[in-house]
Amino acid sequence: MPDKPQYGPDNPHPLSTMKTELVWEGKYDEYGNRRPIKLPTTPLPLQHIETIDEPLDREKATQRSMFDLEGFVQKAHRDDFRNMLIWGDNKLAMASLLEKFRGKVDLIYIDPPFDVGADFTMQVQLGDEDEILQKEQSILEAVAYRDTWGKGTDSYLHMIYERLILIRDLLSEQGSIYVHCDWHIGHFLKLLLDHVFSQEGFINEIIWKKLTTPKVQTLGFGNVHDSIFLYRKTYEMSFNQLRKEHREDYLNSMYRYVESDTGRRYRLHDFTQKGAGSSKKFGDKVLPPPSGKHWIWSQERIDEGIKKGIIVFSKTGLPQVKRYLDEVKGHVIDDIWSDVDPIGAVSHERTGYNTQKPEELLDRIIQASSNEGDLVADFFCGSGTTLAVAEKLGRRWIGVDLGRYAIHTTR
């Protein structure tokens with residue numbers, strides 16, 4: 001009987017050198033090789049159904065058929081781009097888009113299904129009446145449901161992984177992706193995103209308060225939030241810093257001083273930082289900085305501040321600088337979004353689509369991570385909020401969904 005191998009520093013066990021990774025059934029074949037993404041050998045042609053450059057209002061919609069393109073040519077984008085709404089499997093659609101759009105999409109937002117066991121059935125309202133129709137799965141949707149959830153979490157992870165690889169190839173060097181999820185599958189998605197875009201590609205986990213009032217639960221705290229993961233493709237990621245107006249209670253507590261001659265509201269702000277530093281002259285006074293700190297302004301800037309009257313002295317004799325309210329643009333938006341309300345029961349936005357997201361949510365994402373004329377895509381477009389907001393903000397867009405009702409609602 002052969003001797004068992006002796007493992008140690010000079011002969012490490014194979015398991016001791018393995019990297020951490022997320023593994024699911026189907027990721028590797030029976031020989032231990034990574035399974036490639038199965039794509040068509042040649043790009044599938046995308047059937048051109050309709051050119052959309054701005055939504056039709058109700059009056060025009062009654063006068064034109066869905067396929068009447070006359071009159072829309074002059075409203076196309078200046079570079080002759082045509083927005084695209086595609087009905088079908090997003091994996092095949094993305095594979096076809098790679099031929100023309102590899103490395104050209106500036107922003108991708110996806111809100112993939114994340115409720116294990118969800119399907120494509122839904123209640124559909126007919127017209128303006130109260131009549132409701134139960135929309136059942138189509139054959140395509142039933143197949144997708146089987147492939148996505150047929151093996152539970154394993155098949156779901158494989159489905160998402162393949163699509164994230166294609167998304168990465170479609171993103172531009174300045175591009176970024178937002179992935180919307182909740183507690184069902186979010187922890188797995190984070191690991192997949194780390195794997196596809198690298199841990200260095202992670203920017204934020206945004207917490208969106210999706211409910212104003214928690215649902216009654218028999219155990220635990222009320223679940224009121226979703227997570228949105230933001231990843232970049234490269235260090236060249238485009239991002240516009242957004243701000244929101246200060247709350248009234250914040251203004252009253254912080255900007256409580258008013259200049260008698262100008263009426264300008266201001267607060268007093270310290271202008272020291274940690275680290276040793278020398279004394280500076282403040283008018284006829286020479287003052288050392290507080291212990292362990294240094295003045296962050298140069299002597300020239302201090303002299304100018306004294307002359308303009310924006311440096312004042314506290315009761316303790318510490319110089320402070322005036323920060324005027326009219327020079328402040330507001331709070332930098334952080335990664336907890338409790339100020340974006342869900343769609344109300346009587347909101348004009350409401351379409352009746354179960355997973356519809358508010359326009360304000362997508363408005364913030366699109367304005368932060370794209371610029372006018374950029375290309376925005378949503379490959380699980382659902383009710384079409386991403387595309388509608390992109391259109392309003394002057395972005396080009398591509399939308400894909402497998403559900404017939406999703407395409408109908410989006411249009």
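**Reading the model**

Author: The crossing of α4 and α5 is right-handed; a crossing is called right-handed if the near helix is turned clockwise from the far one by less than a right angle, and left-handed if anticlockwise. This is a predicted model, in which local features need pLDDT of at least 70 and side-chain atom pairs count only at pLDDT 80 or more, while totals for chains, interfaces and linings use all residues. Residues are numbered from 1 along each chain as its sequence is written, and side-chain values use heavy atoms, with hydrogens and water left out.

Reader: At what angle do helix α4 and helix α5 pack, and how far apart are their axes?

Author: Two packed helices are described by the angle between their axes and the distance between the axes. Here helix α4 (residues 153–170) and helix α5 (residues 186–197) pack at about 35 degrees, and their axes are 10 Å apart. The axes are lines fitted to C-alpha atoms, for helices over the stretch in contact, and angles run from 0 to 180 degrees between N-to-C directions. Helices (H or I, at least four residues) and strands (E, at least two) are DSSP runs, numbered from the N terminus.

Reader: Which residues of α4 and α5 meet?

Author: Contact means heavy atoms within 4.5 Å. On the α4 side, the residues include Tyr156, Leu157, Ile160 and Leu164, and on the α5 side they include Phe188, Leu192 and Val196. By class, the contact of α4 with α5 has 13 nonpolar, 2 polar and 1 charged residues. In this scheme Ala, Val, Leu, Ile, Met, Phe, Trp, Tyr, Cys and Pro count as nonpolar, Asp, Glu, Lys and Arg as charged, and the others, Gly among them, as polar.

Reader: In what order do the strands of the open sheet of 4 strands stand?

Author: Strands of a sheet pair through backbone hydrogen bonds, either parallel or antiparallel. Two strands pair if DSSP finds at least two bridges between them. The order in this open sheet is β9-β10-β16-β15, with antiparallel pairing. Strands β9 and β15 (311–313) stand at the edges with a single partner strand each, so one side of each is left without a neighbour in the sheet.

Reader: How many bridges join β10 to its partners β9 and β16?

Author: Strand β9 (residues 257–258) and strand β10 (residues 265–269) pair over 2 bridges, and valine 258 has arginine 265 as its bridge partner in β10. Between β10 and strand β16 (residues 319–324) there are 4 bridges; there, arginine 267 has arginine 323 as its bridge partner.

Reader: Which residues take a positive phi, such as glycine 263 and serine 198?

Author: Most residues other than glycine have a negative phi, and most peptide bonds are trans. In the hairpin of β9 and β10, with 6 residues between the strands, glycine 263 has a positive phi near 75 degrees. Serine 198 has a phi near 80 degrees, a positive value in a residue other than glycine. Serine 198 is found in the loop between α5 and β6.

Reader: Is isoleucine 228 buried or exposed?

Author: Buried means under 20% relative accessible area, exposed over 50%, and partly exposed in between (1.4 Å probe, protein chains only). Isoleucine 228, in strand β7 (residues 225–232), counts as buried because its relative accessibility is 0%. Leaving aside neighbours within four places in sequence, isoleucine 228 is in contact with residues including Tyr178, Asn204, Trp208 and Leu361. The C-alpha atoms of isoleucine 228 and tyrosine 109 are separated by 9.5 Å, although the two are 119 residues apart along the chain.

Reader: How does phenylalanine 202 read on that scale?

Author: Phenylalanine 202 lies in strand β6 (residues 202–209) and is partly exposed, with a relative accessible area of 28%. Not counting residues up to four places away in sequence, phenylalanine 202 touches Lys190, Asp194, Phe229, Leu230 and Tyr231.

Reader: How many disulfides does the structure hold?

Author: A disulfide is a covalent bond between the sulfur atoms of two cysteines. With the cut-off that a pair of cysteine sulfur atoms lies within 2.5 Å, the structure holds 0 disulfides. Cysteine 181, at 0% relative accessibility, counts as buried, and cysteine 381, at 5%, counts as buried too.

Reader: What may be said of the protein chain as a whole?

Author: The protein chain has 10 helices and 20 strands. Buried residues make up 38% of its 411 residues.
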